[in-house]
Protein chains: 2
Amino acid sequence: MGLVVQKFGGTSVGSTERIRKVADIVARTQAEGNQVVVTVSAMGKTTDQLVSLANELTTKPPQREMDVLLTTGEQVSVALLTMALMEKGLKARSMTGWQAGILTDKVHGKARIEEIDTTRLRQSLENGEIVVVAGFQGVSSSGEITTLGRGGSDTTAVALAGSLQADRCEIYTDVTGVFTTDPRVVPKARKLAEISHEEMLELANLGAGVLHPRSVECAMTHKVPLVVRSSFVEEEGTWVKEADKMEEERNVRGIAHDMQVARIKVLGLPNNTESFTRLFGILAKKHINVDMIVQSEHEDERMDVAFSVHEDELDQAREALQEHEEELGYIKVLSETNLAKVSAVGAGMVTNPGVAAKMFTTLSEAGVRIKMVSTSEIKISCVVPKDQAAEAVRELHTAFDLDVKEPAKEKALV
Amino acid sequence: MGLVVQKFGGTSVGSTERIRKVADIVARTQAEGNQVVVTVSAMGKTTDQLVSLANELTTKPPQREMDVLLTTGEQVSVALLTMALMEKGLKARSMTGWQAGILTDKVHGKARIEEIDTTRLRQSLENGEIVVVAGFQGVSSSGEITTLGRGGSDTTAVALAGSLQADRCEIYTDVTGVFTTDPRVVPKARKLAEISHEEMLELANLGAGVLHPRSVECAMTHKVPLVVRSSFVEEEGTWVKEADKMEEERNVRGIAHDMQVARIKVLGLPNNTESFTRLFGILAKKHINVDMIVQSEHEDERMDVAFSVHEDELDQAREALQEHEEELGYIKVLSETNLAKVSAVGAGMVTNPGVAAKMFTTLSEAGVRIKMVSTSEIKISCVVPKDQAAEAVRELHTAFDLDVKEPAKEKALV
């Protein structure tokens with residue numbers, strides 16, 4: 001008997017009608033001879049509504065209480081989906097994060113899963129039940145309710161699949177798979193049949209939005225076979241696999257973009273390694289994710305360091321730098337918003353030096369200003385002005401020969 | 001330093017604006033030199049909305065999943081109230097039922113609190129925090145989320161006060177206290193300054209609605225001083241006290257009514273004690289609360305037993321009787337709905353035989369048909385047709401000299 005973990009996002013459980021359809025998919029998977037664990041997000045706009053309530057009371061909602069508040073959204077979803085499954089005559093049982101044994105660290109708002117105690121899950125599965133687990137949430141060793149932050153339900157699903165050694169993890173979403181770029185930006189985007197973990201990780205990190213990077217990382221570590229598919233359209237999705245199981249026939253597999261980028265420049269830092277350690281140590285302590293980093297030495301004793309962060313974390317980052325002004329010994333901090341990042345991703349890129357050249361040529365011919373550049377083995381990213389990002393993505397998609405002849409029809413169903 | 005437990009109902013936390021006012025009351029209580037534990041219900045109509053969602057999916061929502069669903073309502077309230085308190089610069093911490101150590105039995109939907117492990121509560125209080133506990137919910141020994149059923153938040157508050165040996169338990173509600181009868185039915189109803197646990201218990205049981213009987217029972221057992229007061233009007237409430245600490249100057253203290261009564265008649269049961277044991281054993285096993293019981297022998301070998309139940313439990317009770325038809329050996333089961341119960345309550349009644357006579361005379365002069373009668377040491381109850389109940393209450397209120405000259409003004413504020 002197989003074991004399948006399925007994850008359904010907020011749109012997929014947006015109404016009781018849709019929950020019933022999710023129940024059909026789950027039931028079918030069980031009928032095919034599988035044990036099934038399902039993870040769900042909060043219904044549609046629930047999370048936004050809860051955030052609004054909090055904002056009516058305070059401008060700085062304490063994160064511990066936000067976690068208590070927001071986790072109710074997924075708890076509602078699991079109860080309702082379980083009812084829908086039982087109404088179909090199936091044995092099912094809902095579990096909150098703490099009931100499912102999802103143990104996290106203590107960082108409210110963006111906790112990491114440390115361990116999953118699968119005792120209750122296994123008991124329930126052995127009892128013939130479909131287990132419906134609240135996504136996005138866990139419990140810390142001190143019994144506090146935590147949330148996993150953005151894309152948390154994906155992470156829950158993959159972590160469950162890893163711990164239970166599931167045969168596969170299916171991520172159901174409102175798109176039919178992973179595309180060469182965002183179909184809302186480029187109508188000629190093409191759906192990929194498969195993609196490597198590494199490529200997906202870059203695409204996810206770069207804002208492709210279908211899968212959260214942490215979930216991909218987790219899938220890679222635990223070697224969980226992952227498939228992204230639509231909960232609305234019956235159609236093959238995109239498999240996310242180990243690279244060596246794929247053919248690498250293309251240089252660039254996709255163009256990603258992230259529209260919420262801010263850049264910080266720290267000018268006149270002491271020119272030594274300790275400066276780096278201190279600077280990024282301070283930011284790490286505040287749990288601020290730093291993305292691209294560019295350093296430039298302009299004299300012997302001083303250097304400038306520029307880095308990009310999510311624009312929501314800009315204020316927090318600036319505050320942290322200000323608090324430690326003396327310790328860091330910089331001269332000035334500058335910041336810029338209204339930026340975006342566009343990236344070309346592909347496992348074959350490292351062996352093809354022409355890719356970077358083509359990227360810069362394409363952007364420069366399109367009149368797009370490049371503000372920062374960073375490269376890795378499988379991607380090249382450029383920070384550009386936000387208002388030029390969409391055009392940049394379209395031009396790169398064409399330049400790297402990713403366009404389909406016929407725009408796919410199923411993209412904008414939801 | 002004193003320790004006060006306060007409970008705020010759904011109307012009191014019906015909006016963020018009202019939650020802010022609740023925070024003011026809590027803050028004031030702390031400023032007066034008390035440690036404070038607060039219990040809250042779900043916001044306004046939240047519970048109804050969640051029930052509707054469940055009903056969209058199934059006609060018979062499984063009780064375990066209903067508990068998972070409904071407890072989210074109180075969880076939202078505690079997070080929001082805690083935020084409101086923290087926004088005022090106070091230290092506060094929310095706790096769900098399981099976090100607060102509220103251990104119950106396993107009867108989903110109407111669990112009983114078995115024990116409260118106050119470790120976390122005490123730690124938090126010692127830490128100078130106001131603790132905001134989700135009412136109405138607990139956790140069973142097998143880690144299942146349970147709810148306490150109707151009036152559960154009152155019970156949570158009183159049980160917390162008992163376990164923590166609080167100096168008092170304040171029940172904030174949308175009325176200013178306990179009245180001689182329902183002010184919506186009798187505008188001349190008078191607010192009582194104090195009432196004994198026993199009287200309150202009868203009034204609560206009889207549908208006075210201000211306090212749930214289980215909470216009163218719990219207050220009596222643990223000798224918790226209880227006060228019922230308004231969260232909207234600053235005014236002395238009604239103290240619920242031990243009887244021997246009160247003067248018993250009146251015969252009848254209040255007139256209660258319950259508009260949701262159904263009667264079941266089981267005809268032709270074998271005339272022996274085992275019949276009773278079996279009949280009420282079967283109902284107890286289904287957790288159906290039987291209220292008044294009247295037996296009549298009409299021949300040597302057969303007897304009839306009539307009893308009243310909450311009208312919501314009528315179908316379940318009839319089903320249970322049908323299932324055990326053979327075992328019980330009755331001839332026929334009849335049932336009647338659209339009934340109500342009106343009761344006169346007073347600790348002094350047992351020593352005054354004139355009360356019953358006055359009650360029957362009053363009802364008969366008003367043309368009210370009496371369907372069943374039951375008496376205890378401190379009350380006399382009559383089941384009457386629902387459409388005559390309001391008139392019956394008004395007539396009895398006058399007859400027992402409970403009317404005020406001037407109708408109170410604050411009653412219908414909410």
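What you have open is a predicted model, in which local features need pLDDT of at least 70 and side-chain atom pairs count only at pLDDT 80 or more, while totals for chains, interfaces and linings use all residues. Residues are numbered from 1 along each chain as its sequence is written, chains are lettered from A and ligands numbered from 1 in the order in which they are written, and side-chain values use heavy atoms, with hydrogens and water left out.

**Stop 1: two helices of chain B**

Select residues 46-57 of chain B, which are helix α2, together with residues 63-87 of chain B, which are helix α3. Helices here are DSSP runs of H or I with at least four residues, strands are runs of E with at least two, and both are numbered from the N terminus. The two helices pack at an angle of about 150 degrees, with their axes 9 Å apart, and that makes α2(B) roughly antiparallel to α3(B). Axes are lines fitted to C-alpha atoms, for helices over the stretch in contact, and angles run from 0 to 180 degrees between N-to-C directions; those under 35 degrees count as roughly parallel, over 145 as roughly antiparallel, 65 to 115 as roughly perpendicular and the rest as oblique.

Now show the side chains where the pair touches: B:Thr46, B:Thr47, B:Leu50, B:Val51 and B:Ala54 in α2(B) meet B:Met66, B:Leu69, B:Leu70, B:Thr72 and B:Gly73 in α3(B). By class, the residues of this contact of α2(B) with α3(B) are six nonpolar, four polar and no charged, where Ala, Val, Leu, Ile, Met, Phe, Trp, Tyr, Cys and Pro count as nonpolar, Asp, Glu, Lys and Arg as charged, and the others, Gly among them, as polar.

**Stop 2: the rotation axis**

Keep B:Thr72 selected and bring both chains into view. Of the residues of chain B, B:Thr72 comes closest to the rotation axis, at 2.5 Å (C-alpha). Chain B is superposed on chain A by a rotation of 180 degrees with 0.1 Å of shift along its axis, at an RMSD of 0.1 Å, and the two copies are thus related as by a two-fold rotation axis. The superposition is by least squares on the C-alpha atoms of residues with pLDDT of at least 70 in both copies. The copies meet through the same surface, because 100% of the interface residues of chain B are also interface residues in chain A.

**Stop 3: the eight-stranded sheet of chain B**

In chain B, look next for an open sheet of eight strands in the order β3-β6-β2-β1-β9-β11-β12-β10, with mixed pairing. Two strands pair if DSSP finds at least two bridges between them. At the edges are β3 (92-95) and β10 (194-196) of chain B, each of which pairs on one side only, and neighbouring strands of this sheet are turned by 20 degrees against each other on average, direction ignored.

Inside the sheet, select β9 (residues 168-173) and β11 (residues 226-230) of chain B, which pair in the parallel sense over five bridges; B:Thr173 has B:Ser230 in β11(B) as its bridge partner.

**Stop 4**

Move to chain A, where an open sheet of four strands has the order β5-β4-β7-β8, with mixed pairing. Its edge strands are β5 (113-116) and β8 (145-147) of chain A, and the twist averages 45 degrees from one strand to the next. Strands β4 (residues 102-104) and β7 (residues 137-140) of chain A run parallel and are joined by two bridges, with A:Val139 in β7(A) as the bridge partner of A:Leu103. Helix α3 (residues 63-87) of chain A packs on this sheet, touching β7 and β8 of chain A, and its direction makes about 75 degrees with that of β8(A).

**Stop 5: a hairpin in chain B**

Finally, select β17 (residues 372-376) and β18 (residues 379-385) of chain B, which run antiparallel and are joined by five bridges. The two strands β17(B) and β18(B) form a hairpin with two residues between them, and B:Val373 stands opposite B:Cys382 in β18(B).

Terms used:
Contact means heavy atoms within 4.5 Å.
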